[in-house]
Amino acid sequence: MPSLTDLQDEYSFLDADDRYRLLIDLGKDLEPMPEALKTDTTLVRGCSASVWVYPTVREDGTLHFLADSNAAITKGIIALVLLTVQDQAPAAILTTDIEAALAPFDLKNQLSSNRTQGIPNMIALIRETAARYRG
């Protein structure tokens, strides 16, 4: 996966159609999420598409998230959100300003409101998970 900064630089030069394609490609690069993990418990509420996020704790205590969606563009948005927090310690995730990291992508103006309405719920779920594992 590219770094958030590299992605932001590339994104800023693209037109709307190419931005959609970039997000869809990001979603395709997500680590596959086993079907067995796509349950009501891992389902993110308030998203127009189905979105699942499953946290795992690595041996070093960092959090690694598996995620998927039944909509290609939404899957790309999840991938973008995960780039801000993937494989970090719970305390670091809690201090990450995810919204500020995503601000340069201007998703609210790039995508329809039903595509972006679930982003705050995804972020809240990630933060709640980090708080649970902070210890």
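Predicted model: local features only at pLDDT ≥ 70, side-chain atom pairs only at ≥ 80, totals over all residues.
Me: Why is D87 called partly exposed?

Reply: The relative accessibility of D87 is 32%. Buried would require a value under 20% and exposed a value over 50%, so D87 counts as partly exposed.

Me: Why is T84 counted as buried?

Reply: T84 has 6% relative accessibility, and the limit for a buried residue is under 20%; therefore T84 is classed as buried. T84 is placed in the loop between helix 3 (72-83) and helix 4 (90-95). Beyond its neighbours within four places in sequence, T84 is in contact with L4, T96, I98, A101 and L102.

Me: What makes helix 3 mostly covered?

Reply: Nine of the 12 residues of helix 3 are buried. They are I73, T74, G76, I77, I78, A79, L80, V81 and L82.

Me: Which residues touch the most other members of the largest nonpolar core?

Reply: L80 and L107 do so, in a core of 33 residues. Two or more residues of this core come from each of helix 1 (4-12), helix 2 (16-28), strand 1, strand 2, helix 3, helix 5 (98-102) and helix 8 (119-133). Helix 3 gives the largest share, seven residues. Not counting residues up to four places away in sequence, L80 touches L4, L7, L23, L26, L102, F105 and L107. In soluble globular proteins, nonpolar side chains tend to be buried together.

Me: How do you know that strand 1 and strand 2 are joined?

Reply: Pairing requires at least two bridges, and seven bridges join strand 1 (residues 51-57) to strand 2 (residues 63-69); therefore the two count as paired. They run antiparallel, with V53 opposite A67 in strand 2. The hairpin has five residues between the strands, and G61 there takes a positive phi near 90°.

Me: Why does L43 count as partly exposed?

Reply: L43 has 24% relative accessibility. A buried residue must be under 20% and an exposed one over 50%, so L43 is partly exposed. L43 is found in the loop between helix 2 and strand 1. Leaving aside neighbours within four places in sequence, L43 is in contact with S50, V51 and W52. The C-alpha atoms of L43 and S69 are separated by 9.5 Å, the two residues being 26 residues apart along the chain.

Me: Which residues line the largest pocket?

Reply: The lining consists of E99, L102, A103, D106, L107, K108, T116, I119, P120 and I123. Helix 5, helix 6 (107-110) and helix 8 each supply at least two of the lining residues, and helix 8 gives the most, with three residues. About 210 Å³ of space lies in this pocket.

Notes. Residues numbered from 1 in each chain as written. Heavy atoms only, no water. Helix = DSSP H or I, 4+ residues; strand = E, 2+ residues; numbered from the N terminus. Buried < 20%, exposed > 50% of the residue type's maximum accessible area, 1.4 Å probe, protein only. Contact = heavy atoms within 4.5 Å. Core = buried A, V, L, I, M, F, W, Y, C linked by side-chain atoms within 4.5 Å. 1 Å grid on protein atoms, 1.4 Å probe; cavity = no way out; pocket = protein on both sides within 12 Å on 5 of 7 lines; lining within 4 Å. Points joined across faces, edges and corners; volume = space filled by probe spheres on them.
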